[in-house]
Amino acid sequence: MATEQEFQQKLKACCSMAETYLEDIKIDRPVTDDAFDTADLQDKMSKLAKVLSHDATKFTIACKPPRKPAEGIRMVDEMSNTFFRLVGFYNTIPASAGQQYRDTYRKAIRDLLMGALSLWHAFRDDGSKFMVPTAALWETCKMMETGLPANNQAAVLAQWKDMHATMEDAKQEVHELAEGEDEDGDIEPEMKPVAAQCAKLVDLAVFVSTKIERRCLRETKDVKICDQLYIKSSALADETDVVVSQLYDVDDPEIMRTKHIAAYVDCLCDLMAFAQEHTTEEHSKWFEMGIKKVREIAEKKQ
């Protein structure tokens with residue numbers, strides 16, 4: 001019959017394994033596989049996440065008082081085997097599947113490993129605080145069962161939603177500053193016209209983000225184009241946060257225009273120029289006009 005000491009030794013070994021896997025998945029291996037099926041991997045990973053959820057439930061039942069060390073060891077082994085398969089499948093993802101696809105699966109497995117570590121550590125202690133890590137692991141497993149992307153386009157679209165929401169928040173904030181609705185009066189009066197200028201640019205940036213999602217991203221499955229659209233749009237989202245936050249810190253309108261607004265305009269125009277090259281002629285003309293409009297707003301002092 002297994003002892004508590006043997007159970008603790010098994011937990012320690014599995015925690016070490018999980019930490020090794022966490023380091024392992026950070027490595028971008030130069031995998032090539034022209035026949036790789038992204039939807040097939042999604043199906044496999046989803047099923048394994050469901051298995052892991054059941055294993056975690058059985059593990060928790062076996063380990064809570066009165067503990068059954070032999071059953072606990074068995075379920076730790078089952079969870080360990082499932083992680084071996086998850087990480088193994090992840091390591092088969094080739095670069096051709098897309099960077100955002102691979103990053104999404106990397107994050108999902110990392111979250112699973114972190115969740116398992118929290119659960120296992122709970123039982124390496126007195127075992128009284130297992131409910132929260134168990135629920136967290138269940139939630140991550142559920143996300144993997146239903147929310148993993150079938151291809152790179154789907155991975156980008158899922159991240160696009162969060163990125164666009166961030167830009168919408170910045171849009172609301174800059175309009176409050178420009179229209180004098182910031183409760184704390186955090187910007188100087190002479191910065192109000194600059195804030196109004198920023199508000200027009202952010203309005204256009206948010207509209208461009210929606211336009212690219214509908215007219216570029218949803219109309220192409222080209223892996224490299226999807227990745228580049230995400231990279232450039234993510235950079236724009238970051239610059240949107242920067243340019244709005246600088247309104248609080250910069251008190252010289254000219255510095256704000258020549259440095260921060262200029263950088264923002266370059267970032268926005270770079271995104272539109274890329275979109276212009278990878279869409280239909282009709283939409284290409286819209287992006288061309290959009291670039292001119294951005295330059296016009298930037299050059300016109302309020």
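These legends accompany close-up views of a predicted model. Local features need pLDDT of at least 70 and side-chain atom pairs count only at pLDDT 80 or more, while totals for chains, interfaces and linings use all residues. Residues are numbered from 1 along each chain as its sequence is written, and side-chain values use heavy atoms, with hydrogens and water left out.

**View A. The largest nonpolar core.** This core holds 49 residues, and Ile212, Leu247 and Met256 touch the most other members. Helix 6 (152–178), helix 7 (192–215), helix 8 (223–249), helix 9 (253–277) and helix 10 (281–299) each give two or more residues to it. A nonpolar core here is a set of buried Ala, Val, Leu, Ile, Met, Phe, Trp, Tyr and Cys residues joined through side-chain atoms within 4.5 Å, where buried means under 20% relative accessible area with a 1.4 Å probe, protein chains only. Helices are DSSP runs (H or I, at least four residues), numbered from the N terminus.

**View B. Around Ile212.** Leaving aside residues up to four places away in sequence, Ile212 touches (heavy atoms within 4.5 Å) Trp160, Leu217, Leu229, Leu271, Ala275 and Phe287.

**View D. The lining of the largest pocket.** Of the 18 lining residues, Thr104, Lys107, Ala158, Gln159 and Asp162 are the closest to the pocket's centre. A pocket is an open set of points on a 1 Å grid over the protein atoms alone where a 1.4 Å probe fits, with protein on both sides within 12 Å along at least five of seven lines; lining residues have an atom within 4 Å of a point. Helix 4 gives the largest share of the lining, 6 residues. Because domain 1 (4–147) and domain 2 (152–299), with bounds from an automatic or database domain assignment, both give residues to the lining, the pocket lies between them.

Technical notes: Buried means under 20% relative accessible area, exposed over 50%, partly exposed in between (1.4 Å probe, protein chains only).
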